[in-house]
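My notes follow in the order I made them.

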Amino acid sequence: MEILKTLVEKSHYYKYGDIYSKHRLRITNVLTYLFSHYIKKPLKIDEEGVLYLHQLAKQHLNFELSKTVRSIEARIRDVESLILVDRATFQYFDRENFDPAIMSKIESYIDDQFKQKKEIINVEEVYEKFQDRLVHLNIHNKIHLYSLIRFYLDEKYTIGQGNTLNIYKNKKSRQSVEERLVAYMKKHGGICSKEQLLEVVSPLFKVDLAINSSDKIISWGSKNAILVNKLNIKANEKAVLLEFIDQSFKNGYATANSMYKEMMFNRKLSSIVRDKNIDDASKLPAIIKLLKPTVKGHTNYLYVDGFELDSFEKLIEAHFTGETSRQEIKEFIYEHGYKEMMVTNFLKRVLDNEVFIEIDIDQLYPAKLLKVNEAELSEIETYVREKIGDGEYLSLSHLKGYRRKLPDIGFRWNPHLLQSVLQRCGFRQIKKTFNDYRYDKVIVVREESSIQSFEDLILNVLENEYEGNLHEIAIYEFLMEKGIVREQEYMHKKVLPYEIKTSERLHFDELGIVTVKKG
């Protein structure tokens, strides 16, 4: 952790609340970050929605967003990945986790309608045709579908003339994107990087869509594409592969990394792997989907169409049905062929999205199984609000005597469990940027509190509570007494956290004297 802090400091990154950026953030960067990380449902951009965005920007990025509806909506419309899903309502479109197969089917349907001499197709007609499948993908109205058609197919069709939801044939389009890509790839030996293919069509997601909807081209790893004919899969090889695929998906899902490892230890399969130059597990999903079109998914986690666990997070949730730990979840993710970075990302996701909650220092529990009724929540909330009183925060790690006062909910009360329950009744946790659940104190504030970050908390304490010597060690000892920072016995370890040392509101001289800047 110290090495990471030093690297960040020396690399001249800009600090924005919870994150560090190599470049100064623009409003569009901030909006993209907030929608992709914290807004899981469509957000209506009215006065209430804009205020919510303003609070999120302050809490997580220490960034002052405009509170003007017209200004924010205009900036949102400038961001390609923030799409309109209802009237004045927007959502982050995560194209990495969106299966574009449905768009390929919609494209084929529109093409068929134009072949039947139709001049105009309204999006409402397309939505009604594919409604069941679209609803399964959380696309609940024609406006949302219209945005996706524009996102993927605006080059092929003329869309939305005169502010309508109409689709027209693009008379300038002579040759399909697929035909142009195939012709280009034939000239370049049948294998090309996706960067090369940008010479034919751009941006990159349109290259990916064309590949995904083609039966002549498949992805070849994450950065390349190959013509199917170049693979030259013979009938006997296809039979061996299909038998292996059917066996692998007997439970409804499989992972490419696990399948690849198994293939390497099978004589027939390893021979195919070598002959087709499948030198990495990332090349396998495209071959599986080519041979078995009912298989869906992306880079590693694959599942049979209709299988209810259509994401790896859902598989984690289904596997751990009782108490577990971070380490057990990590090991499960490793077992399915993921590397360190993705292991960390998945664990963070299931905690941030409250799939699992903390019930002790390293004990996790499925959130939906923790039952606390309204009367119990009210009792817990009343107790904690009394303890905070007129203060701005409460250190649950420093709280005494609460186990006897709180209702029995089937678990032994501790700061972590109490924090998890308080999130259901108007409180939120304050964490350090570089946090460590093993040692950090558990601190909560009211949902409406102006304290949005650990930095805000410390500044609030210094300005409103602390009256002692403005030396780093003395400040640290005061924060220890308040249950805000970890207990330290030795003087040289009484060092304030990194985000406090780098705060723009504080100045530290070479002797450790701290000056609070007015602002």
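I began with charges over rings. The charged end of R486 sits over the ring of Y439, 4.0 Å from its centre. For this I required NZ of Lys or CZ of Arg within 6 Å of the ring centre and within 35 degrees of the ring normal. R326 has its charged end over the ring of Y437, 3.7 Å from the centre.

Ground rules next. The model is predicted, so local features need pLDDT of at least 70 and side-chain atom pairs pLDDT 80 or more, while totals for chains, interfaces and linings use all residues. Residues are numbered from 1 along each chain as its sequence is written, and side-chain values use heavy atoms, without hydrogens and water.

Then aromatic pairs. I found 21 in the structure. Rings of Phe, Tyr and Trp (its six-membered ring) pair with centres within 6.5 Å; planes under 30 degrees apart are stacked, over 60 edge-to-face, the rest tilted. Y33 and Y38 are edge-to-face, because their centres lie 6.0 Å apart and their planes stand at 65 degrees. I checked burial (buried is under 20% relative accessible area, exposed over 50%, partly exposed in between; 1.4 Å probe, protein chains only). Y33 is buried at 18%; Y38 is partly exposed at 27%.

F312 and Y338 make a tilted pair, 4.8 Å centre to centre with 50 degrees between the planes. F312 is in helix α17 and Y338 in the loop between α18 and α19, so the pair ties together parts 26 residues apart in sequence. Helices (H or I, at least four residues) and strands (E, at least two) are DSSP runs, numbered from the N terminus. F312 and Y338 are both buried. They belong to one aromatic cluster, with Y253, Y301 and F346 among the other members.

I moved to a sheet. Three strands form an open sheet in the order β12-β14-β13, paired antiparallel. Pairing takes at least two DSSP bridges between two strands. β12 and β13 are at the edges with a single partner strand each, so one side of each has no neighbour in the sheet. β13 and β14 pair over three bridges, and G297 has L302 in β14 as its bridge partner.
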